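Colleague: I would like to learn how to read a structure feature by feature. Please give me the general idea each time, and then the case at hand.

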Amino acid sequence: MLFSDSVIKNRKLKSSKALDAVLREGEVVLVHSGGPIGKPGGLDQTYEFLPHPDYYWLTGFRREGGVSAYSKSHSWVDFTRPVSRVEKIWEGGGHPCPGENIEKMEDWLKKENFKSKYHIGQHTESLGTNPHKDERQILEAFNEVRRIKDDAEIQLIRKIAGIANEGYKKISSYIRPGVTERQIQIEYESEVLRAGSEKMPYGSIVGTGTNGAILHASPSSRIVKDGDLVLIDAGADIEDYCVDITRVFAANKTMNERQRKIYETVVSAQTKSIELCRPGIEWSEVHLASAREIAKGLMDLKILSCSVDEALESGAISVFFPHGVGHMVGLKVRDVGGPFNPNPKSYAGAKLRVDIKLKAGHLMTVEPGCYFIETLMNDPETRSTFKNQIKWSEAEKWLDFGGVRIEDDIHVGTSGPENLTGLVAK
C-alpha cells in the first residue's frame, strides 16, 4: 500500500467525527470501490480499473468490488472481495485486502436492519447527482474531510511534481520549428514515464500557434512554425494522485515583444492570485485577482476600451479569460471541489468550478490565461454585447496569436501559499 496503516487509521478517524455530526442512529454510509467497466464490443475486455477516489482515500485499497461501511454503532467495517482462482490464473493473483468477505455484507445489513442507507462512490444509488438535503449533508461532511490534504498526500504530490519536472526539462530543449504537437507529447510523456509516473492524469494538451487558444487542445500533426508559442498542459500520476501543470515555450527560445507582453501579464495575474491562496480567502477573490491583472494588460494594449472595473462587472474580460482560475487537485485532476451546487455563480463572466472559502490543507491549481479565441471574438452576439468595452479593431490584430496559460499547484498552508510545482521553470 502507498499509505501507511497509521495514515489510513487517521483518515477513518477524521471521517468518523465528521459523519457523526450528520448521521442518526440506525443509519449507515456505504463507500464503494466500484467495478471494472466493459469496453463496447470488447467481449470480456474492460477498461483499466480505477477505484473510486473516495474509497481509495479512505481505505488505501485499489481492489474492485470493495465496500467500507460506517455507522455510529459499528464505526468502519471493511468488506472486500477475495482473490479468486480464475484471477490467479489470468491476472497473476491480484492483491487481497483485509476485511470481511463482501459476500457477507448483505446478511450483515439485514441483521443490523439499518433504516437508511447512503451510498458514496461508484454505485447506482451514489450521492452526488441530485441529492436531497440529508444526503447532501452526509456527502459534504465526508468531502470536507477529504479536501484537507494530510502530510502523506502533500509529500507524494511533491514527489510527482519532481517527476513532471523531468518531462518539462526534456521538452524545453526539444521544442523547435519543424516538430509536431504529437512529437512534443511523445517526448514529454515518455520522459515522465521513465522518471516514475504510472500514467498520465489526463490527456496531455499541446497547442502551437492558434491552437494555443483551444483550451483543451488535443495534440495533432500540426507543425511548430518559426515564431510560434507552444502551450503545454500536462502532468504526472502515481495511483491517481497527480499534478496539473501548464507552461508556454517559444519555438525560437526567445519571445517577441507581443508574446512577452501577454506572457508577463499572465505571470503577473498568477502571482497575484497565488499570494491570495491563504486560509479564510474566498476562491472567487483569487479568480477576480487574475481577471483584474489580465484586464490591466489588455487595457495597456488598447484592446479594452473601458475601465478594469467595467471589464470585470460587464464580463467583457471573459472573452479573453473565459474559464475559472483553477480547481482542486490531488487525488484525481479534479479533486472534490466544493459543496453540491447545481447553479454555479459567475464571476467576471466565468462560472467557477470551486466557490468556497479556502482552508489550510487545500490544494488548488492556479491557472490564469489570456487567449484570442476566434469563436468568441468573431461571434456577432459577443461583439454586440461588448461593443463599448472592447475595441474590436485592435482585438482583431491578435487573432493569429493563440493563447498563454500558466498553471501551478498551490498548497494552502497555515503560514502562506506553497507552490508544489514551482520547481518547473517558467
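Colleague: Where does S75 lie?

Modeller: S75 lies in strand 3 (residues 75–80). Strands here are DSSP runs of E with at least two residues, and helices are runs of H or I with at least four, numbered from the N terminus. This is a predicted model, in which local features need pLDDT of at least 70 and side-chain atom pairs count only at pLDDT 80 or more, while totals for chains, interfaces and linings use all residues. Residues are numbered from 1 along each chain as its sequence is written, and side-chain values use heavy atoms, with hydrogens and water left out.

Colleague: What is the phi of S75, and is S75 buried or exposed, or in between?

Modeller: S75 is not a glycine, yet its phi is positive, about 55 degrees. Buried means under 20% relative accessible area, exposed means over 50%, and partly exposed is in between (1.4 Å probe, protein chains only). S75 has 35% relative accessibility, so it counts as partly exposed. A348 also has a positive phi, near 55 degrees, and is a residue other than glycine. A348 is in the loop between strand 9 (346–347) and strand 10 (350–351), and at 10% relative accessibility it counts as buried.

Colleague: Which strands does the open sheet of five strands bring together, and in what order?

Modeller: Two strands pair if DSSP finds at least two bridges between them. The order in this sheet is 4-3-2-1-5, with mixed pairing. Strand 4 (100–101) and strand 5 (116–121) are at the edges with a single partner strand each, so one side of each has no neighbour in the sheet. Strand 2 (residues 67–71) pairs with strand 3 in the antiparallel sense over five bridges. One of the pairings sets Y70 against W76 in strand 3.

Colleague: How many bridges join strand 7 to strand 8?

Modeller: Strand 7 (residues 229–238) and strand 8 run antiparallel and are joined by ten bridges. L229 is opposite A250 in strand 8. The two strands form a hairpin with two residues between them, and E239 in the turn has a positive phi of about 45 degrees.

Colleague: Which residues are on each side of strand 8?

Modeller: In a regular strand the side chains alternate between the two faces of the sheet. In strand 8, one side has Y241, V243, I245, R247 and F249, the other has C242, D244, T246, V248 and A250, and all of these are buried. Strand 8 (residues 241–250) is largely enclosed by the rest of the structure, because ten of its ten residues are buried.

Colleague: How far apart should the ends of helix 1 be?

Modeller: The expected span of a helix is 1.5 Å times one less than its number of residues. Helix 1 (residues 5–20) has 16 residues and should span 22 Å; its end C-alpha atoms are 22 Å apart, which agrees. Among the buried residues of helix 1 are V7, I8, R11 and K12.

Colleague: How is empty space found?

Modeller: Rolling a probe the size of a water molecule over the atoms shows where empty space is left. On a 1 Å grid over the protein atoms alone, a cavity is a set of points where a 1.4 Å probe fits but cannot get out; a pocket is an open set with protein on both sides within 12 Å along at least five of seven lines, and lining residues have an atom within 4 Å of a point. Grid points are joined across faces, edges and corners, and a volume is the space filled by probe spheres set on the points.

Colleague: What is the volume of the largest pocket, and what lines it?

Modeller: The volume of the largest pocket is about 860 Å³. Its lining has 29 residues, with F49, R62, E64, G94 and H95 nearest the centre.

Colleague: How many disulfides are there?

Modeller: A disulfide is a covalent bond between the sulfur atoms of two cysteines. The criterion is a pair of cysteine sulfur atoms within 2.5 Å. A search of the whole structure finds zero disulfides. C306 is in none, and the nearest cysteine sulfur, that of C370, is 14 Å away. C306 is buried, with a relative accessible area of 7%.
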